[in-house]
There are 2 protein chains.
Amino acid sequence: MKSKLKSQGNSLVVPVAPSRGRLRPLGLDEVRITGGFWARRREVNTNAILDHCREWMERVGWIGNFRAPVAERRGREFADSDVYKLLEAMTWAGVETDTITEAIASAQEPDGYLNTNFGRPGQQPRYSDLEWGHELYCYGHLIQAGVAELRTRGGGELAKIALRAADHVCATFGPDGVAGVCGHAEIETALAELARATGEQRYLDQATLFVERRGHGTLADGEFGRAYHQDDMPVRQATVLRGHAVRALYLASGAVDVAVETGDEELLAAVVRQWEGAVARRTYLTGGMGSHHRDEAFGDDFVLPPDRAYSETCAGVASVMLSWRLLLATGEPRFADLAERTLFNVIATSPAEDGRSFFYSNTLHRRRRGTVPEADVQVPRAESSLRAPWFAVSCCPPNVARTLALLPGYLATTDAGGVQIHQYADAEITTGGIALRIRTDYPSDGRVTVTVDRAPDRPWTLSLRVPAWAEGTPAWLVDPEGRRRPVAPGAAELTRVFRPGDEIRLELPVEPRWLRPDPRIDAIRGTAAVQRGPLVYCAESVDLPDDRDVDAIRVDPSAPPEGRADGSVVVAGEIGAEGDDPWPYRPSAAPPTAGDRTDIVLVPYHSWANRGPSTMRVWLPTVEPTP
Amino acid sequence: MKSKLKSQGNSLVVPVAPSRGRLRPLGLDEVRITGGFWARRREVNTNAILDHCREWMERVGWIGNFRAPVAERRGREFADSDVYKLLEAMTWAGVETDTITEAIASAQEPDGYLNTNFGRPGQQPRYSDLEWGHELYCYGHLIQAGVAELRTRGGGELAKIALRAADHVCATFGPDGVAGVCGHAEIETALAELARATGEQRYLDQATLFVERRGHGTLADGEFGRAYHQDDMPVRQATVLRGHAVRALYLASGAVDVAVETGDEELLAAVVRQWEGAVARRTYLTGGMGSHHRDEAFGDDFVLPPDRAYSETCAGVASVMLSWRLLLATGEPRFADLAERTLFNVIATSPAEDGRSFFYSNTLHRRRRGTVPEADVQVPRAESSLRAPWFAVSCCPPNVARTLALLPGYLATTDAGGVQIHQYADAEITTGGIALRIRTDYPSDGRVTVTVDRAPDRPWTLSLRVPAWAEGTPAWLVDPEGRRRPVAPGAAELTRVFRPGDEIRLELPVEPRWLRPDPRIDAIRGTAAVQRGPLVYCAESVDLPDDRDVDAIRVDPSAPPEGRADGSVVVAGEIGAEGDDPWPYRPSAAPPTAGDRTDIVLVPYHSWANRGPSTMRVWLPTVEPTP
């Protein structure tokens, strides 16, 4: 069944515009974030991150590459894509992009080919290295930027460049063309979105072809194995996300787009199954994905070492992209649950408070205090110490920028029955005949008040997500008459004729709580962690007395954690003395050296490493006896 | 103080020939291994491994490189070194090396330069990539092969090539030459050994210069940081082994050689301190070193994940090299303890029983059954699944071969007071006026009988190492009159006038025992492992009922493990049912699903993966309640 590719939503200004699916996205012209946690970060994005990225991309030559001769080309093979990600972010943010777009236009070949690293005299030929060349991946980000321009401005130079590139891709890799795929998925979701933005079926056909081609071993086997590129088995056969995490999640996003537009229920079910497997067995408490440093990849089931967590920021971006698509397709709140977890604990963790340095990977346990990176030095590697201003591979900063820029597009949806609010922030929503105001101090406070400013004179349903993290503690929905009823995790719904001035309140239990890991996660057996609302907490050495390090902490989860007004949490425990033993394996383990009973302060994970070099851990060993 | 560089031992046929130090090594002409565990493996080495390596090096072109034109050069940048390692192994084993040596000779430049990957027209210039080019590293292995020829045959073509190369190195990198070091340490120990083998002081001076130069940042900082190349701080300042494990251990070995020959107590103490730190906090139960896959490197303290253990076979080889040097220098049995652990659990684990496939890395926990590698396919990567016949990077097979070939050289020493036996095997020792026969079924059996066949007519001391693993259980020394006395870990000594026919017996407690990890090793908290004598044990899925996997096992360490005559061990435990949970972090962890109480069979770790694809784990979660 072929799609008509017309967005089913009212707005065109949406990050993802499926023509069918359970829910219809609301656009950036329908949802405004007006204050609170995310408004502050979006302000930092507009005022600092966008400029920071642009300045660095000028300084390291990645923008200049589009004008430079071959000999002066700088950066890694995928540097073009970071310029495109930045352009996408700027476009969603309403910032002028003409100068950069002009540079890009000057580098496009007459047949639509565009890449600063291949195809010119003195460079490798076009498409001579599909495994690592990233040419199609770069187009993917170019096209996403072009789609953002089509949706926010109705078109422009960037969109024209993207369309020429997309036509070139279809001509080159179509049914009669090169039967290959890119080593890094991304073109799939981009082409599907371009089809949606333009109504052109052939872009969807090409996206479908790329999704179907993958998994048949057309890419060379390499050091990391075929699963690294997800080329080990067809998408519709896989049972869990695997291989390079960002690749896996971009591919899955593209597969959802294709499945939705082509009505391919089997493909959609396959991606849901992969998501379920990854969330049940391959995801960190933070929502972070990817536990291998070597290949930036998912580990085997339950291989989730906190101290070697890779949890790349871009995998967080891609995971939110995937969850959002699955939410639109199915309407199931569990996808919004994971998106929330990932937004608050991965996306919000990467940038420093001033928006001028970033985590590339987001470890859950830092054992050594780092040194402060110099402010104007590009670091060669993605180390999980302090945030760095720029990396040789700097996909993460512009990826954070585009996510923050389009964030209002991930907050709410509509369907025939009403409006669904998935993420909580001070916001204003106007869609169809409905206008809503949301006021909340979430996630510090669990109360979310929705005020109806305008509503049709007929019954409709307001749906508010009750997060899965609230499991086990009552949440409450208070109707305009002040009647409270308990609501369970999932969608709390109120159906009625709403009147202007009606207030609906959701009360979520954001008291801090202890969490225990599945015993199959070997790396954190015998530990506990604290979560408060969607926020994961951590111990950071700067909060410990006497310059102690976090590995000396043991906590007592029999005492409930206590939330403080400043956003910190206090738990009971002890700070032991570090012993020394010439050999760490004994017939009976020495009991951990007991320390004095003391209060231990925990802070939100996203806020760590903003106060100088420190050690940090999320999962804390317990005082319960180790045999 | 300058050394006279004359070996203090009686024999020249030794792997390491210090001119001073607490103990004097016995040579391969003084110690013969006549039966048992190591004799079987040495037989496999002579009959299979050496040929296997040679055939593969011919097939993949690494030997041919020495004759081939530039365009046909094959393999990685360090492929030359593997040919040299094989030559060293063949030389110690007494196998003819002429054909290969001839090829190598043909590639040496008139000025002594020798490397198939650099310096010829169409290649990168000599020494243009000290970080990754491995030129000095390759010389190091060439020189070690040359030293083996000097020591076993008094010299020959290989030694001449090595000497020319060494002279070229001294001329190029001497005090007035290029002030650089190699990205991969190895030349240091090789030059020191060449100085010992030739009496030429300048080779020692050059080795000293290389050791002193390292740690001053002459190598470019890269993705893995300066510690990867141990170029982050001078050797004499470092407190623990760090960075790439093989590099770190080869460097430390060279530093010991230099320290011993130059009487540099500070440098020796620095390496001892680094060894202690690594053993206390960065070593697996098997003796394996290196917990990072990404950079084949040591992790931070207590980062020892069993399922991501890298524990490269070559790091095991290098660790034994280092421990042997420290034992000779200090006489302390703890160095022989670690060497024993590493020999039985890393070196013995790498080759398959038939000597035709190998582990590159030696994981302590395998979660997925692998597939059987094809017998004639070089695998691109070092995966911890089944052993593979050959790797794109195949340092490990010839490194195992040279270690097995020279193994008798690691068994025993002398000093002014007598003979010290450090490792137990059926063996014959003849040195000075003393001849000893050793009979034992070690490590299956703890009884070691030493028979005196010849002895001087004056008192001397026989010293037998009581391994540290015997701690807590009595070991016994039985003198020729049958008197038993308990002996503690360390050196058990008997001083007297021995007579031909005298029998001395050591009785070591090889009953299997439970071991518990230091609670600071997060990755194995709440688990236990079994060791029997020096052998670490593991559960392997092929020994479980109903095709179950090892991750379903929980063991009960309150019941002592029971040794069986076939070498296996039986422990009490249960095999649980695997549950499923859509999200693995809960307010209270589900108790592990209890299974039926059952016996669980464990096998020696070195023997795993010889019975088809399987899952395996060394550290077993316990049935003790997880909160």
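Hi everyone, let's start with Glu540(B), which counts as buried because its relative accessibility is 0%. Buried here means under 20% relative accessible area, exposed means over 50%, and partly exposed is what falls in between, with a 1.4 Å probe and protein chains only.

Before going on, a word on the ground rules. This is a predicted model, so local features need pLDDT of at least 70 and side-chain atom pairs count only at pLDDT 80 or more, while totals for chains, interfaces and linings use all residues. Residues are numbered from 1 along each chain as its sequence is written, chains are lettered from A and ligands numbered from 1 in the order in which they are written, and side-chain values use heavy atoms, with hydrogens and water left out.

Back to Glu540(B). What does its side chain meet in a salt bridge? The partner is Arg611(B), at 3.1 Å from N to O; a salt bridge is a side-chain nitrogen of Lys or Arg within 4 Å of a carboxyl oxygen of Asp or Glu. Glu540(B) sits in strand β18 (residues 535-540) of chain B and Arg611(B) in the loop between β23 (597-604) and β24 (616-617), so the pair ties together parts that are 71 residues apart in sequence. Helices (H or I, at least four residues) and strands (E, at least two) are DSSP runs, numbered from the N terminus. Arg611(B) counts as partly exposed, because its relative accessibility is 43%.

Over all chains, a search of the whole structure finds 104 salt bridges. One of chain A's pairs is Arg367(A) with Asp307(A), at 2.8 Å from N to O. That pair links distant parts of the chain, 60 residues apart: Arg367(A) is in the loop between β3 (365-366) and β4 (378-379), and Asp307(A) is in the loop between α9 (265-281) and α10 (313-330). Are these two buried or exposed? Both Arg367(A) and Asp307(A) are buried. Asp581(A) and Arg586(A) also meet in a salt bridge, at 2.6 Å from N to O. And please look at the network of salt bridges that links Arg151(A), Glu193(A), Arg196(A), Asp257(A), Glu261(A) and Arg325(A).

Helix α4 of chain A (residues 135-153) has 19 residues and should span 27 Å at 1.5 Å a residue, which agrees with the 27 Å between its end C-alpha atoms. The expected span is 1.5 Å times one less than the number of residues. Of those 19 residues, 17 are buried, so α4(A) is largely enclosed by the rest of the structure. Gly154(A) follows α4(A), with a positive phi near 75°.

In chain B, 17 of the 18 residues of α10(B) are buried, so this helix too is largely enclosed by the rest of the structure. After α10(B) comes Gly331(B), whose phi is positive, near 75°.

On to the sheet in chain A. Five strands form an open sheet with mixed pairing, in the order β1-β6-β7-β11-β14; two strands pair if DSSP finds at least two bridges between them. At the edges, β1 (24-25) and β14 (490-496) each pair on one side only. Strands β7 (residues 418-421) and β11 (residues 460-466) of chain A pair in the parallel sense over four bridges, and Val419(A) stands opposite Leu462(A) in β11(A).

Finally, how do the chains relate? A rotation of 180° with 0.1 Å of shift along its axis superposes chain B on chain A, with an RMSD of 0.0 Å, by least squares on the C-alpha atoms of residues with pLDDT of at least 70 in both. The two copies are thus related as by a two-fold rotation axis.
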